[in-house]
Amino acid sequence: MYSLGRTRANPGSIPGSMITSNGRSTSRYSSERYNDYIRDLLEKLREEYEKKRRERMELEGLERGPSAIEVDNVELYARDNAREHNTSMYDLVEGVKPAVILRRGQPFYLAIRFKRNYNPQQDRLKLEMCFGPQPLIIKGTLVILPVSGSDSFTKDKAYWDVRLHHHDGAVITLQIQLPATVAVGVWKMKIVSQLISRGQPTLSPVTHECKENVYVLFNPWCTEDSVYMEDEQWRKEYVLSDVGKIFTGSFKQPVGRRWIYGQFTDSVLPACMLILERSGLDYTARSNPIKVVRAISAMINDIDDRGVLEGRWQEPYDDGVAPWMWTGSSAILEKYLRTGGVPVKYGQCWVFAGVANTVCRALGLPSRTVTNFVSAHDTDDTLTIDKWFDKNGDKIEDATSDSIWNFHVWNDCWMARPDLPPGYGGWQAYDATPQETSEGVYQTGPASIVAIRRGEIGYMYDSPFVFSEVNADIVYWQEDDSSEIGWKKMKSDRYQVGRLILTKKISVDDDFGDADAEDITDQYKNKEGTYEERMAVLNAARHSGVPYAYNLPSPEKEDVSFDLLDIEKVMIGKPFHVTVNVKNQSSETRTVSAVLSASSVYYTGITGRKIKRENGNFSLQPHQKEILSMEVTPDEYLEKLVDYAMVKLYAIATVKETQQTWSEEDDFMVEKPNLALEIRGNLQVGTYFVLSISLTNPLKRVLDNCFFTIEAPGVTGPFRTKYRDIQPEEVAVHTVRLIPQKPGPRKIVVTFSSRQLIQVVGSKQVEVLG
């Protein structure tokens with residue numbers, strides 16, 4: 001007899017081996033063959049004693065009589081089910097122990113191996129599907145599925161059911177019917193067995209609890225699911241695409257910002273489960289996409305419920321991450337999960353929208369980001385942005401908190417709306433940025449964009465607020481004791497708000513420009529100035545109770561025309577000019593007082609710093625033309641720029657003889673260079689390649705405190721690297737080595753930030769070989 005770990009000195013028994021002084025064999029060439037030999041030997045020895053034990057246990061069982069059948073192992077076919085359920089792309093499905101990720105409304109398979117042969121005549125078997133901490137049948141959180149000998153489903157698709165797919169001795173394969181109305185989240189499975197005789201149980205039941213979580217998601221592929229989306233290209237874009245573009249800037253110069261949604265990253269789905277648990281939604285609500293999306297809009301911001309992101313709209317950001325330094329959602333959600341639900345610092349509207357989009361897509365909800373340029377923030381439900389002046393014409397600064405944002409980003413999700421009349425399903429607006437409370441919580445939507453377009457603001461949820469964001473008139477009021485409301489309306493700007501509404505275009509991807517921008521303004525509102533547009537606004541005004549705000553004032557005598565010229569493009573470090581064309585259209589002399597000013601501005605419309613102001617008086621002869629111009633140099637504006645490098649221009653003029661007043665404003669975003677990305681080496685799974693990042697410093701000053709942030713789903717998770725100071729107008733090149741993890745098309749996104757220059761972005765599409 002031989003003992004394990006010792007061997008006789010027989011060098012020929014294992015080729016290429018030698019015996020050491022302690023009697024153990026070592027390899028002269030490679031230990032692999034020896035390890036394989038030992039592995040096979042141990043497996044055979046293990047099989048021998050396990051077989052003997054099973055035989056002994058069977059004999060003992062015959063002596064004592066039959067016992068309740070016990071589960072030896074459960075196979076949930078995670079990868080096979082994932083292929084059928086369109087969930088193979090989730091990272092959790094990979095690895096040694098793949099997670100089970102299913103979509104509701106679709107059946108799935110599992111196999112059970114018992115410790116003895118399964119006999120349907122004497123073994124009563126049932127499955128228990130459990131949801132939440134206290135599963136109850138009456139609440140639908142405990143589902144009991146008796147296993148019979150039937151090889152087909154016996155219940156309608158709207159109900160849970162189970163069928164016996166195959167039986168071979170101790171192994172049975174089952175298929176479970178998953179209704180399209182079950183709650184999304186984590187389900188647990190139990191297998192309960194009991195011995196029966198003449199139809200009656202003879203022993204206590206034996207319960208096997210499956211350790212695996214069963215994730216159940218919404219199913220836009222299923223016609224019975226209320227989030228069903230028919231078009232395959234739409235599903236690819238709004239459910240499966242893990243990289244997109246979020247638009248910022250101004251309506252004249254929209255700028256697409258790459259955002260990695262990363263909904264399939266390993267940490268994202270568990271983070272989504274934590275978000276749903278924190279939301280307090282019960283089982284019924286968790287099955288309803290309307291309630292789930294409303295909860296997501298509340299939980300992405302940290303107000304009220306310690307949600308995912310803490311918002312901050314101006315410096316400092318030193319105790320967190322500045323919003324523009326994020327490359328995507330996965331790093332934010334992973335940090336939230338890792339800290340047990342501590343809000344992550346910091347986000348702004350487009351970051352809130354990016355994370356909300358990720359959570360919805362991860363849960364199977366079709367979703368897109370939407371950018372509204374010149375977005376109104378109506379705080380008093382008047383459907384107007386009101387500016388108030390006293391009897392002397394001086395502005396009352398603290399009279400209202402209404403504001404105009406240069407841009408605002410929210411989301412649309414796709415779903416049926418059985419709670420509304422027919423025809424109001426489809427895209428629904430929801431907003432995770434905390435602006436106003438709804439039902440006592442900072443949340444917005446979902447609001448039917450069909451209802452918004454028609455001005456039907458009585459339909460849930462929060463339609464008046466969303467309608468005003470894209471339609472509100474800017475109204476100027478002055479104190480008037482003779483008016484029944486105490487104020488008279490001086491002026492109304494109808495066509496300033498909601499100038500342009502963009503989302504990413506389906507199946508189009510542009511790393512160098514914005515050819516992938518889709519204008520969806522007409523989905524939210526009728527064309528400005530049309531009869532339909534005014535009727536929608538007046539319809540909303542009637543519902544709001546303030547129709548008097550839309551009565552038009554009588555026009556004053558205006559015979560001098562003014563035109564503030566648009567600024568097309570200004571590269572950072574270059575000068576720009578504020579220019580107004582003036583023409584006296586009368587046959588009399590006119591005396592004009594004018595003021596031109598430029599200020600940096602946060603994208604929320606709040607003034608950052610005053611850059612420059614000039615004023616003057618001049619006379620215009622009959623029919624004379626004049627050009628007013630103010631130059632702003634880089635030295636005058638560079639140190640005064642704030643987040644996103646936006647500049648607000650104001651031009652104000654008064655005509656002395658007629659008391660004509662004119663004012664105009666414009667805004668633009670100072671442009672920045674893009675990062676240039678190049679690949680060196682072969683792009684193959686498991687093989688190093690070099691990513692080269694080039695940046696041309698556009699400034700005549702040193703850039704310090706430099707950082708690059710890099711992210712590429714399937715290649716690398718998000719990480720940040722510090723870089724040296726960059727000299728004036730230098731072309732700096734930074735290289736990193738990366739190892740792809742997954743084959744297929746991959747998007748690399750890089751951002752650059754320094755103390756003097758922020759929000760410089762570059763992206764590149766690559767193809768990784770398997």
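Predicted model: local features only at pLDDT ≥ 70, side-chain atom pairs only at ≥ 80, totals over all residues.
The charged end of Arg368 sits over the ring of Trp427, 4.1 Å from its centre (CZ of Arg or NZ of Lys within 6 Å of the ring centre and within 35 degrees of the ring normal). Arg163 does likewise with Phe153, at 5.9 Å. Residues are numbered from 1 along each chain as its sequence is written, and side-chain values use heavy atoms, with hydrogens and water left out. Mean pLDDT comes out at 87, but it stays under 50 over residues 1–29.

Now to the aromatics. Ring pairs of Phe, Tyr and Trp (six-membered ring for Trp; centres within 6.5 Å; planes under 30 degrees apart stacked, over 60 edge-to-face, the rest tilted) number 28. Trp234 and Trp414 go edge-to-face, at 5.5 Å and 80 degrees. They sit 180 residues apart, in helix H3 and strand E20 (DSSP runs numbered from the N terminus, at least four residues for helices, H or I, and at least two for strands, E). Trp414 is partly exposed at 22% relative accessibility (buried is under 20%, exposed over 50%, partly exposed in between; 1.4 Å probe, protein chains only). Phe407 and Tyr603 have ring centres 4.5 Å apart and planes at 15 degrees, so they are stacked. Phe407, also in E20, lies 196 residues from Tyr603. Phe407 is buried at 0%, as is Tyr603 at 1%.

Methods. pLDDT = per-residue confidence, 0-100. Contact = heavy atoms within 4.5 Å.
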